[in-house]
Amino acid sequence: MDGNFLLQTETSQKLYHEHAAKMPIIDYHCHLIPQMVAEDYQFKSLTEIWLGGDHYKWRAMRTNGVDERFCTGKDTTDWEKFEKWAETVPYTFRNPLYHWTHLELKTAFGIDKILNPHTAREIYDECNEKLKQPEYSARGMMRRYHVEVVCTTDDPIDSLEYHIKTRESGFEIKMLPTWRPDKAMAVEVPADFRAYVEKLAEVSDVAISCFDDMVAALRKRHDFFAKQGCKLSDHGIEEFYAEDYTGAEVKAIFNKVYGGTGLTEEILKFKSAMLVVFGEMDWEKGWTQQFHYGAIRNNNSKMFKLLGPDTGFDSIGEFTTAKAMAKFLDRLNSNGKLTKTILYNLNPCANEVIATMLGNFQDGTVAGKIQFGSGWWFLDQKDGMEKQMNALSVLGLLSRFVGMLTDSRSFLSYPRHEYFRRTLCNLVGRDVENGEIPISEMERVNQMIEDISYYNAKNFFQF
């Protein structure tokens, strides 16, 4: 893993080293814990900062036959957990974890050694010693990677106290909230929904007894988020909701579920209405709305039974999803209330669906107004990123792409931006050397790389 890792041509190497590598990081979607940034948390061990909460590593360890107590257990030591991870690493060839692991060791700790059972103790001890130093704190890690902005993921009822505390401390890196209102439309379990609405009423100081009251309370919280610098919303949805509904129906559905009665097909109508309400709020403030769709969660529990047989993951399902996505976007667009939007898919067979959907709703008001989000979750690796960028390139404008994000709660995930930039530069550099992009246009190519790495996001989100 030398300086030209993943960079297979001379042009790729120049694009990365002279243009991509120097760009600051704008991490516009992550799951960092704001309290850690506010308090400049000092990590106790390499296991805590590296394995704590990392479901990617846990999945690999379980697959390698590691007992759960070495992943999430409370009766094992940090060293025992790390030792099991070190035993797993040699089995991760061709999995992105192998590259991520060694890129993180190199960039964060300056360690070039290969992690395996023979080097585990040495690496563990060396990293733990460095983690005691102030420059390896939460804020120190952000500085190390030249981070300029991070956008966390926050519920409307969150106090945002740590965002405020961080800003008032004078910390030079912006930590901004992101509006994630999924629980405000989660009406599957009436008791849970009512409990959430009651908390919403408390934090917003709005008495809620009907649907209009709930919207008023959410709007008040939306205003509060805006005052704290929020510029994006995010929605984690299984599918796009675009059922037909009337205002009277939605109000009646709210009364029904708030009163404790379970819903059936009415669930989709309520979610459809709420997506429009949230979209209009975002449009009013000029925010960017993000949609992460297609995740089937809780697959090994009884919750799977609630999902039903239509997962939307075959070709017919993607057609149905595309129609619903288009119908939802058109509802906002036809009323002149479609704000900037980023669409993320979890199924690669939807790449062309999304890449073509973008063009249906571009309106010339903002360059790249509707965006195809970078490879998300299990597509967040070299192959997934290349496929996403290829689809975007042939069906849209790669040059207007807002680039990479970590989507992570780890302070060691920033090398994913480097991984993405290397992959991007290799892709474009190869085209130049193949004669598919003219050498005479290298000034434009250079600017394109810097734009995708940094400037597009900075301008798009107006940071």
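These legends describe close-up views of a predicted model.

View 1. Along the principal axes, its C-alpha atoms fill a box of roughly 65 × 60 × 50 Å. Of the 463 residues, 55% count as buried. Contacts between residues at least 6 apart in sequence were also sorted by separation: 78% of them join residues at least 24 apart.

**View 2. An open sheet of three strands, in the order β1-β2-β3**. The pairing is parallel. Strands β1 (25-27) and β3 (174-176) stand at the edges. Each has a single partner strand, so one side of each is left without a neighbour in the sheet. From one strand to the next, the twist averages 10°.

**View 3. The pairing of β2 with β3**. Strand β2 spans residues 147-151. Three bridges link β2 to β3, in the parallel sense. Strands of a sheet pair through backbone hydrogen bonds, either parallel or antiparallel.

**View 4. Strand β5 (residues 232-237), mostly covered**. Five of the six residues of β5 are buried, that is, under 20% relative accessible area. Strand β4 (residues 178-179) is joined to β5 by two bridges, and the two run parallel. Here W179 stands opposite S233 of β5. Strand β6 (residues 288-293) is joined to β5 by six bridges, and this pair also runs parallel. Here D234 stands opposite Q290 of β6.

**View 5. Helix α15 packed against helix α16**. Helix α15 covers residues 351-361, and helix α16 covers residues 382-395. Two packed helices are described by the angle between their axes and the distance between the axes. For α15 and α16, the angle is about 35° and the axes are 9 Å apart. The crossing of α15 past α16 is right-handed.

**View 6. Side by side: the residues where α15 meets α16**. From α15 come N351, E352, A355, T356 and L358. They meet K387, Q388, A391, L392 and L395 of α16. By class, this contact has five nonpolar, three polar and two charged residues.

Key. Residues numbered from 1 in each chain as written. Predicted model: local features only at pLDDT ≥ 70, side-chain atom pairs only at ≥ 80, totals over all residues. Heavy atoms only, no water. Axes fitted to C-alpha atoms, helices over the stretch in contact; angles between N-to-C directions. Helix = DSSP H or I, 4+ residues; strand = E, 2+ residues; numbered from the N terminus. Left-handed = near helix turned anticlockwise from the far one by under 90°. Contact = heavy atoms within 4.5 Å. Nonpolar A, V, L, I, M, F, W, Y, C, P; charged D, E, K, R; others polar. Buried < 20%, exposed > 50% of the residue type's maximum accessible area, 1.4 Å probe, protein only. Pairing = 2+ DSSP bridges.
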